[in-house]
Amino acid sequence: ATISASCDLEFCEGEEVILTATEAAAYIWSNGAETQSITVDATGSFYVTITDDNGCTATSEVVEVIVNELPEAEILTWGDLEFCEGGSVELTATEATEYLWSNGATTQSVVITESGEYYVTITDDNGCMAISETVEVVVNELPEAEILAWGDLEFCEGGSVELTATEAAEYLWNNGATTQTIVVDASGIYEVTITDANGCSNTSEPVEVTVFELPEVTFESLTVC
């Protein structure tokens, strides 16, 4: 009595092998099956006793089937999964022999700078593969920071100009002001850093204000003859 296998006797969880006994009149497998072929998807020792038309019996040698567990695929995140443009997050897969990320990377760790859904397929020493759950990364765009000037940026002493920042959640001007609008009456270069509802910040282009001094008025004494 012999047993033939449809494929390798060592394989990964989720796969199977078909064991087939020599042609006979009756079969009795070590797992209780009475068919010529059995499908095996678990580790174990298998043999079969066959009976021919004359009632003679024979028992096969033992066949060892080894089913290797799938590796555990997980992603560890080093940093927030939602961040502002210009930032990043590092994703690290469980220790394995091979890695294949959804973005094509083949290293254990990847640095992500773009929004998207990321997962990794890992392969262990036995050639068994597992796919991690998906991790979603959200990269928020930076707000557009601009300064609107309500009036001329060059004027005479005693005048002023109103500078207004783009709408945002928070404001910080380089003169220390924290309002959306400031009134400027002194020469200087002004810029504003705005922060949006996502906590993303951006700084405007600088605006130069020039205040001209007033001319000095003098009077000459006149002698009357």
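Cysteines and disulfides

Modeller: Cys56 has a relative accessible area of 45%, so this residue counts as partly exposed. The term lies between two others: buried is under 20% relative accessible area and exposed is over 50%, computed with a 1.4 Å probe on protein chains only. This is a predicted model, in which local features need pLDDT of at least 70 and side-chain atom pairs count only at pLDDT 80 or more, while totals for chains, interfaces and linings use all residues. Residues are numbered from 1 along each chain as its sequence is written, and side-chain values use heavy atoms, with hydrogens and water left out.

Cys156 is also partly exposed, because its relative accessible area is 47%.

Now to the bonded cysteines. A disulfide is a pair of cysteine sulfur atoms within 2.5 Å, and by this rule there are two disulfides. One is formed by Cys12 and Cys128, whose sulfur atoms lie 2.1 Å apart. The torsion about their S-S bond is about -100°, so this disulfide is left-handed. The bond links distant parts of the chain, 116 residues apart: Cys12 belongs to strand 2 (residues 10-12), while Cys128 sits in the loop between strand 16 (120-123) and strand 17 (129-131). Strands here are DSSP runs of E with at least two residues, numbered from the N terminus. Both Cys12 and Cys128 are buried.

The other disulfide joins Cys84 to Cys200, with an S to S distance of 2.1 Å. Here the torsion about the S-S bond is about -95°, so the disulfide of Cys84 and Cys200 is left-handed. This pair too links distant parts of the chain: Cys84 is in strand 11 (residues 82-84) and Cys200 in the loop between strand 25 (192-195) and strand 26 (201-203), 116 residues apart. Cys200 has a relative accessible area of 0%, so it is buried.

The pairing can also be written as a pattern. With the bonded cysteines of the chain numbered in sequence order, it reads 1-3, 2-4.

For context, there is also an open sheet of three strands, in the order 10-12-14 with antiparallel pairing. Strand 10 (75-78) and strand 14 (109-112) each have a single partner strand, so they stand at the edges and one side of each has no neighbour in the sheet. Two strands pair if DSSP finds at least two bridges between them. Strand 10 and strand 12 (residues 89-93) run antiparallel and are joined by four bridges. Within this pair, Ile75 stands opposite Ala93 of strand 12.
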